[in-house]
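We'll go stop by stop.

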Amino acid sequence: MKKLSVFVSLLFFSGLVKAQTDEVYLTSGDTLIGKIDILLPADYYEEIMVKTGNEKRRIKSFQMLGFKAGDNVYKIIKFGNKYRIMEEIISGYLGLYRFRTDNNYDFGSRFLYKVTNEGMEVPNITFKKAVANFVSECPSVQAEVKNKTYKVSNIEEMIRAFNNCINEKPLVIAEVKEEEKQVVKASKELELIKTIAKKLESESISEELSTLLSDLEAKISKGENVPGYLTGALEENTKEFNSVSKEVKKLLNLLK
């Protein structure tokens, strides 16, 4: 009876370990271990639920680099109006991913993504023209897209051929001229973000708000447009902090 009890305990412990092996890679550089549930996507963000013991934590897509759930690997890729959770099908210089559209749970649409941060949804009607332009770094593969050797039906074969082609030749990284380097200019928006962050130093703010402020600062510094889902998240996450309400209101007006 004692042996049976030990055996049952071992089985329980083994199952617990397996249930805790999912990993989340945060933008902060930290890794969370737990059981991941992928939640239905919202209009301006996607998120997961991480269960660790008796604790549950929601993590939005812009707070992650990606995660591993079971045997599947997921990457966070910006496409359209939000950072999306994309399931990795093929990795490499050119990768193939699946993502969700129209707030569906099913990962039914396909996405091509390069390590250079260039990406495109796999088209059906305009496949030849769009994909041929996308794989122009490798003329032999581009030619086979144009002559319909590679089509939607065998896109995985095309991706492997493209990656083999890229791996066979050294990548030339062009030097950026001094005058072409991006200069970060001071702006009212940046000053407001710094003021908000400074005032919130003494407050107990969430990791989500801290990441959000950093993301906003990075986008504005680079001269990028700030999408609506980020300004909406800022307004929502600073409601309880009266000390920065004036600055947040000014910032939101400037970002409209």
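A term to start with: buried means under 20% relative accessible area, exposed means over 50%, and partly exposed is in between, with a 1.4 Å probe and protein chains only. Two notes before we move. This is a predicted model, where local features need pLDDT of at least 70 and side-chain atom pairs count only at pLDDT 80 or more, while totals for chains, interfaces and linings use all residues. Residues are numbered from 1 along each chain as its sequence is written, and side-chain values use heavy atoms, with hydrogens and water left out.

**Stop 1: helix H8**

Select residues 245–254, which form helix H8. Helices (H or I, at least four residues) and strands (E, at least two) are DSSP runs, numbered from the N terminus. Show side chains: Glu247, Val248, Leu251 and Leu252 are buried. Looking down the axis of H8, you'll find these buried residues within an arc of 130°, so they line one face of the helix. What do the buried residues of H8 pack against? They pack against H5 and helix H7 (228–237), where contact means heavy atoms within 4.5 Å.

**Stop 2: helix H5**

Follow that contact and select 188–199, the 12 residues of H5. From first C-alpha to last, H5 reaches 16 Å, close to the 16 Å expected at 1.5 Å a residue; the expected span is 1.5 Å times one less than the number of residues. Its buried residues are Glu189, Leu190, Leu192, Ile193 and Ile196. They cover an arc of only 160° around the axis, which puts them on the same side of H5. Turned away from that buried side is a face with the exposed residues Lys188 and Lys198.

**Stop 3: the sheet**

Two strands pair if DSSP finds at least two bridges between them.

**Stop 4: two hairpins**

Strand E5 (64–69) and strand E6 (72–79) pair in the antiparallel sense over four bridges, with Asn72 as the bridge partner of Ala69. Two residues lie between these strands, and in this hairpin Gly70 takes a positive phi near 65°.

Extend to residue 90. E6 pairs with strand E7 (82–90), again antiparallel, over six bridges, and Lys75 has Met86 as its bridge partner. This hairpin also has two residues between its strands, and Gly80 takes a positive phi near 70°.

Still in strand E7, pick Glu87. Is Glu87 buried or exposed? It is buried, with a relative accessible area of 17%. Leaving aside neighbours within four places in sequence, Glu87 is in contact with residues including Asn72, Tyr74, Arg98 and Phe107.

**Stop 5: the cores**

A nonpolar core is a set of buried Ala, Val, Leu, Ile, Met, Phe, Trp, Tyr and Cys residues joined through side-chain atoms within 4.5 Å. The largest has 37 residues, of which Val24, Ile48, Met64, Phe67, Ile85 and Leu234 touch the most other members. Helix H6 (207–221) gives the most to this core, with five residues. Apart from it lies another core, of 22 residues, among them Phe134, Val135, Met158 and Phe162.

**Stop 6: a loop to finish**

Select Asn117, in the loop between strand E9 (109–114) and strand E10 (119–121). Its phi is near 75°, a positive value in a residue other than glycine. Asn117 counts as exposed, at 57% relative accessibility.

Technical notes:
Arc of directions from axis to C-beta.
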